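Please work through the following exercises with the sequence and the model side by side, trying each task before reading its solution.

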Amino acid sequence: MMGPPEFAENPVPTWDEFCTDYQDFFFDESLPEVGRSFVIEHNGEAIGHTNYQIDAQRSFAELDIWMRDSSCTDHGWGSEALRLLCDHLHATLGIREMILRPSARNMRAIRSYEKAGFARASMSDEETSKRYGPGEYRDTVVMRRVIGSTLAPTAGEPAR
């Protein structure tokens with residue numbers, strides 16, 4: 001979620017800011033090992049967008065998802081898109097750990113992410129900042145999904 005009134009600290013990006021954040025490789029398939037974007041469709045209609053960026057140094061992918069508007073929520077489409085993206089990243093690039101970093105105020109998104117197999121990281125704010133970098137929100141929550149059991153647990157978490 002972005003912009004006022006609930007997210008005034010996180011304004012909606014300008015077109016130029018969007019273009020800086022989402023370089024050509026997100027859309028032209030030239031660097032799938034770095035990141036890529038996908039349109040989410042239902043019955044041939046674009047209903048949302050999801051993407052990933054891979055942190056190769058630390059072996060995880062950060063995902064993001066946006067639904068077109070509230071008419072496209074509460075159908076399970078976002079959760080399914082995230083499950084499919086995780087499966088794709090694991091099958092094609094061997095990525096086992098995926099994260100999302102919503103605002104704690106975005107309970108609808110958090111519930112959707114939980115349905116897709118993500119769980120809140122049981123790490124301190126300091127630990128999550130060190131491992132994943134700073135979040136976009138003042139109340140960022142790190143949600144993780146780990147496929148398989150070869151990834152060593154992060155501090156404070158049980159082995160999976």
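**Exercise 1: a charged patch**

Asp16, Glu17, Asp21 and Glu136 form a negative surface patch. The model is a predicted one, in which local features need pLDDT of at least 70, side-chain atom pairs count only at pLDDT 80 or more, and totals for chains, interfaces and linings use all residues. Residues are numbered from 1 along each chain as its sequence is written, and side-chain values use heavy atoms, with hydrogens and water left out.

Task: Where does Glu136 lie?

Solution: Glu136 is found in the loop between helix H5 (125-132) and strand E6 (143-146), where helices (H or I, at least four residues) and strands (E, at least two) are DSSP runs numbered from the N terminus.

**Exercise 2: the faces of H5**

Task: Which residues of H5 are buried, and which are exposed?

Solution: Take buried as under 20% relative accessible area, exposed as over 50%, and partly exposed as in between (1.4 Å probe, protein chains only). The buried residues are then Thr128, Arg131 and Tyr132. Seen down the axis of H5, they fall within an arc of 75°, so they line one face of the helix. Glu126 and Lys130, on the other side of H5, are exposed.

Notes
Patch = residues over 30% accessible without salt bridge, like charges linked within 9 Å, V, L, I, M, F, W, Y side chains within 5 Å. Areas by Shrake-Rupley, 256 points an atom, 1.4 Å probe, with all protein chains shown as cover. Salt bridge = Lys/Arg side-chain N within 4 Å of Asp/Glu carboxyl O. Lys, Arg positive; Asp, Glu negative; His and termini not counted. Charge placed at Lys NZ, Arg CZ, Asp CG, Glu CD. Arc of directions from axis to C-beta.
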